[in-house]
Amino acid sequence: MQGFCFWAFGDNELAIQSAHDALSILGDEGNPSVRADSYVVMARGYMDLRENNKAQEFARRGQMLAELGHDSTQLCDVYNLRGVIMYNSNKFDSALYYYNKAYAFGKGKSVHPINLPRIISNIGECYKEENPSLAFNHFNVALALAKQTGNKVAEASITSIIGHFYLRKKDLKNAKQICKARSISRVISVYVA
């Protein structure tokens, strides 16, 4: 948890070190779920440091341990993370593979729907260049599910993505409208100015 907090505040080196420390304390026989979380923290830290090969390796290790621990939510999160790492490496087909795997796994294993909006939105991101209408459909489905499940973080993030989607299309009217509806019109004003 300490490593995750360091990562969330952008201190990737401390996040990675905390994850290493946790793994040292646990040893090879420690709880697979906690060990998986440690590898996931390391993967996130390395991803943010743009060391995508290391990030993918630690995410893969986390995936193997999540599979051993039979934690469906954790495994769904790891698949999504592997997709994010691939997306950041401009490997969009691989990213889409992992996002779809995360979504199908989450639905099939009855992972709580609060965990799915971000994955659906990530799938949309993979389509934004080649099929903007399909991307937009994914964003809207993700936003509706975020609202339905009360996932305010996903709601804010997806709203931002939709606003940026309109901005890329130079549709300032709809960009401003979506952000105003979500009380973030000041952010759009910066782009319009």
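Residues are numbered from 1 along each chain as its sequence is written, and side-chain values use heavy atoms, leaving out hydrogens and water. Because the model is predicted, local features need pLDDT of at least 70 and side-chain atom pairs count only at pLDDT 80 or more, while totals for chains, interfaces and linings use all residues.

**The core**

In soluble globular proteins, nonpolar side chains tend to be buried together. Here the largest nonpolar core has 54 residues. Such a core is a set of buried Ala, Val, Leu, Ile, Met, Phe, Trp, Tyr and Cys residues joined through side-chain atoms within 4.5 Å. Buried means under 20% relative accessible area, exposed over 50%, and partly exposed in between (1.4 Å probe, protein chains only). Met-42, Cys-76, Leu-81, Ile-85 and Ile-162 touch the most other members. Leaving aside residues up to four places away in sequence, Met-42 touches Ile-16, Ala-19, His-20, Leu-23 and Phe-58. Contact means heavy atoms within 4.5 Å.

**Aromatic pairs**

The whole structure holds 10 aromatic pairs. Rings of Phe, Tyr and Trp (its six-membered ring) pair if their centres lie within 6.5 Å; planes under 30 degrees apart count as stacked, over 60 as edge-to-face and the rest as tilted. Two of the pairs are edge-to-face as follows.

| Pair | Centre to centre | Angle between planes |
|---|---|---|
| Tyr-79 and Phe-105 | 5.6 Å | 85° |
| Phe-139 and Phe-165 | 5.8 Å | 80° |

Tyr-79 lies in helix 5 (residues 72-88) and Phe-105 in helix 6 (residues 92-108), so this pair ties together parts 26 residues apart in sequence. Helices (H or I, at least four residues) are DSSP runs, numbered from the N terminus. Both Tyr-79 and Phe-105 are buried.

Phe-139 sits in helix 8 (residues 132-149) and Phe-165 in helix 9 (residues 152-168), so their pair also ties together parts 26 residues apart in sequence. Phe-139 is buried, at 0% relative accessible area. Phe-165 is buried too, at 4%. Phe-136, Phe-139, Phe-165 and Tyr-166 form one aromatic cluster.

**The largest pocket**

The largest pocket has a volume of about 610 Å³. A pocket is an open set of points on a 1 Å grid over the protein atoms alone, where a 1.4 Å probe fits, with protein on both sides within 12 Å along at least five of seven lines; lining residues have an atom within 4 Å of a point. The lining has 18 residues, and Trp-7, Arg-44, Asp-77, Asn-80 and Arg-118 lie nearest the centre. Helix 5 gives the most, with six residues.

Key. Helix = DSSP H or I, 4+ residues; strand = E, 2+ residues; numbered from the N terminus. Points joined across faces, edges and corners; volume = space filled by probe spheres on them.
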